[in-house]
Amino acid sequence: MSIAPDPEEIFDRAVAEGQRRLDQSLLEATATSFIAGFTIVFGIASLGVVDALVEPQFGDVAHIAGALTFAVGVVFLVVGRSELFNENFFDPAAKAVDQEGSWLLGSLVRLWVLTLIGNLVGGFLFALVFAVDGVLPSGSAHALSRTAEEIIHRPMRGMFASAIIGGALVSLLSFLLQGVNSVRSRITMAYIVGFLLALGPFDHVIVTAIHVFFGLLFDASIGYGALAETIVIATAGNFVGGIGLVTFTHVAKVMGAEK
């Protein structure tokens, strides 16, 4: 039986991975983010399909079934080593703390901006493919539209709080992945976090924005202003949860242990 690494070892692994991510070329970072954006659409579309198939007979059980299906999309991300916004919080920030330097702040901002934009572009473009008439089973468009309308009709503070939780979950996944050594363990961690993210559902800016975009494509009563507002609120909440609650607290733990 393998022994889980201690916090200092996890931090050292995160620093090494953070260095790799910060050293990516513009093309590599953009392509990786784009891939992650369209990869997660598989999970979102599958959630809509399962919801449409299960809900008529089993009611609210469809939500659980959909969350179980959505989690596969997160597994695809982790196994494929593509990078979703928030996944790029813990490791690069660990590197920035380990090696002080003004250049690192600029590199962090560059990485986060590229990841956010690349994720959204990849996700929106692939959503357009799924929205072509005849691609998804009957009822899926209605299920995805209903979810989109539920998202935008929540109070702003509710979305922000949900995004804090979603940001914490996805950044926690990055931390947990540095503590496991096998592919099986990585898949398990990714699946559990993906399930919890969809079960809430808790807001992750990319997942939530693509949900809303699906609503736009399927003629839900949603405007582009609502989509933009969703992106801004979810991004802010993700930063609070991902950076504030998870990244800096784990970094503080390691620094405290070293002292």
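**Close-up 1. Residue Q57 of helix α2.** Q57 is exposed, with a relative accessible area of 66%, where exposed means over 50% relative accessible area, buried under 20% and partly exposed in between, with a 1.4 Å probe and protein chains only. This residue is found in helix α2, helices being DSSP runs of H or I with at least four residues, numbered from the N terminus. The C-alpha atoms of Q57 and F239, which are 182 residues apart along the chain, are separated by 39 Å. The model shown is predicted, and local features need pLDDT of at least 70, side-chain atom pairs count only at pLDDT 80 or more, and totals for chains, interfaces and linings use all residues. Residues are numbered from 1 along each chain as its sequence is written, and side-chain values use heavy atoms, with hydrogens and water left out.

**Close-up 2. Packing of helices α2 and α3.** Helix α3 covers residues 61-80 and packs with α2 at an angle of about 165°, their axes being 7 Å apart; axes are lines fitted to C-alpha atoms, for helices over the stretch in contact, and angles run from 0 to 180 degrees between N-to-C directions. The two helices α2 and α3 are therefore roughly antiparallel to each other, a term that applies to angles over 145 degrees.

**Close-up 3. The loop between α3 and α4, and helix α4.** R81 has its place in the loop between α3 and α4, and its phi is near 60°, a positive value in a residue other than glycine. R81 is partly exposed, with a relative accessible area of 45%. Helix α4 (residues 87-98), by contrast, is mostly covered, with ten of its twelve residues buried, among them F89, F90 and P92.

**Close-up 4. A nonpolar patch on the surface.** F34, I35, L105, V109, V113, I117, V121, L125 and L128 form this patch, which together has about 750 Å² of accessible area, calculated by the Shrake-Rupley method with a 1.4 Å probe. The elements giving two or more residues to the nonpolar patch are α2 (26-58) and α5 (102-130), and α5 gives the most, with seven residues. Patch residues have over 30% relative accessible area and no salt bridge, and nonpolar side chains are joined within 5 Å; a salt bridge is a side-chain nitrogen of Lys or Arg within 4 Å of a carboxyl oxygen of Asp or Glu. V113 lies in helix α5 and is partly exposed, with a relative accessible area of 42%.

Definitions and conventions:
Patches are made of residues with over 30% relative accessible area and no salt bridge: like charges are joined within 9 Å, nonpolar side chains (Val, Leu, Ile, Met, Phe, Trp, Tyr) within 5 Å. Angles under 35 degrees count as roughly parallel, over 145 as roughly antiparallel, 65 to 115 as roughly perpendicular and the rest as oblique.
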